[in-house]
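The following exercises are to be worked with the sequence and the coordinates at hand. Each task is followed by a solution in steps.

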Amino acid sequence: MFKRLREDINCVFDRDPAARNHFEVLISYPGVHALILHRMNHWLWRHRLGGMARFLALIARLLTGIEIHPGARIGRRFFIDHGLGVVIGETAEVGDDCTLYQGVTLGGTSWRAGKRHPTLGNDVVVGAGAKVLGPLDVGEGARIGSNAVVVKDVPAQATMVGIPARVARIGSEAPPRSEAEQRREETARRIGFDAYGATQDMPDPVANAINAILDHVHHTDERLQEMCHALRALGGEVNDSDIPDIKDCGMQDRSKNEGS
């Protein structure tokens, strides 16, 4: 028991640079308090003292702002950072070395008895406000982005973003950019558009539409260059001045005026 408690406290120093000493962690981290109380409540739950376990879990929620059902199975070195608003359901299972941030829900999508909540593999990180719903499996080493809503199984080492969540990347390293992606980035930079997320790293319908626009702009520029060369060959005069970049379209100013 004390060995498990020591592990739970020591893992805080690995994942929170604000932690200063063991005493401070023990008395001021609600995630640690909630975990200690859950270990006790889970013992009562397994020994058929469900009523007492549920009552003590209610007290733990009032004290910490974290709701963990006594039936949830939680592995070693589990860390809840900040913790306010975290909800972990009855049949949820959490592996070793997992981290949850505030506002995370490991919830169910059915009123039927049985397995209703997600299973997290080892070394999973779930960002603030994310919802992982249903009896799905989150693979080892996966990362769930903030405010993502996960409703399907997550592959190991995957990064999930969006509503509903989609795989943005598998593995810690970003895949090499294709020639088309590099061209889009250059076109976006030239016309003053920040192409953040407009690559295969972050698949998104809006990003796909923007990619199509950037491709169209690139081909239009090529056609214009061909027309200019043809006009010069025929003896025509062509303005060679640079096309100014689009720096500010004024959308922010208009939105401020509309709101005032």
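Helices are DSSP runs of H or I with at least four residues, numbered from the N terminus. The model examined here is predicted.

**Exercise 1. The largest cavity**

Task: Determine which helix gives the most residues to the lining of the largest cavity, and classify that lining.

Solution. 
- Step 1. The count comes to one cavity of 30 Å³ or more. The space in the largest cavity is about 40 Å³.
- Step 2. Its lining consists of Ala 34, Leu 37, His 38, Asn 41, Ala 57, Ala 60, Ile 66 and Ile 68.
- Step 3. Helix 3 and helix 4 are the elements that give two or more residues to this lining. Helix 3 gives the most, with four residues.
- Step 4. By class, six lining residues are nonpolar and two are polar, while none is charged.

**Exercise 2. A nonpolar surface patch**

Task: Identify the residues of the nonpolar surface patch, and state which element supplies its largest share.

Solution. 
- Step 1. The patch covers about 890 Å² and is made by Trp 43, Leu 49, Met 52, Phe 55, Leu 56, Leu 58, Ile 59, Leu 62 and Leu 63.
- Step 2. Helix 4, residues 50-64, contributes the largest share, namely seven residues.
- Step 3. Leu 63 is located in helix 4. Its relative accessibility is 64%, and the class of exposed residues begins over 50%; Leu 63 therefore counts as exposed.

**Exercise 3. Salt bridges involving loops**

Task: Locate the partners of the salt bridges formed by Asp 97 and by Glu 93, and name the residues of the network that contains Asp 97.

Solution. 
- Step 1. Asp 97 pairs with Arg 77, and their closest N and O atoms lie 2.6 Å apart.
- Step 2. This pair links distant parts of the chain, 20 residues apart: Asp 97 is in the loop between strand 5 (93-94) and strand 6 (99-100), and Arg 77 is in the loop between strand 2 (73-74) and strand 3 (79-80).
- Step 3. Asp 97 is partly exposed at a relative accessible area of 26%. Arg 77 is also partly exposed, at 25%.
- Step 4. Glu 93 pairs with Lys 115, with 3.5 Å between the closest N and O atoms. Glu 93 lies in strand 5, and Lys 115 in the loop between strand 7 (105-107) and strand 8 (119-120), 22 residues apart.
- Step 5. Glu 93 is partly exposed, with a relative accessible area of 29%. Lys 115 counts as partly exposed at 36% relative accessibility.
- Step 6. Through shared partners, salt bridges join Glu 7, Arg 15, Arg 76, Arg 77 and Asp 97 into one network.

Terms used:
Residues numbered from 1 in each chain as written. Predicted model: local features only at pLDDT ≥ 70, side-chain atom pairs only at ≥ 80, totals over all residues. Heavy atoms only, no water. Patch = residues over 30% accessible without salt bridge, like charges linked within 9 Å, V, L, I, M, F, W, Y side chains within 5 Å. Areas by Shrake-Rupley, 256 points an atom, 1.4 Å probe, with all protein chains shown as cover. Salt bridge = Lys/Arg side-chain N within 4 Å of Asp/Glu carboxyl O. Buried < 20%, exposed > 50% of the residue type's maximum accessible area, 1.4 Å probe, protein only. 1 Å grid on protein atoms, 1.4 Å probe; cavity = no way out; pocket = protein on both sides within 12 Å on 5 of 7 lines; lining within 4 Å. Points joined across faces, edges and corners; volume = space filled by probe spheres on them. Nonpolar A, V, L, I, M, F, W, Y, C, P; charged D, E, K, R; others polar.
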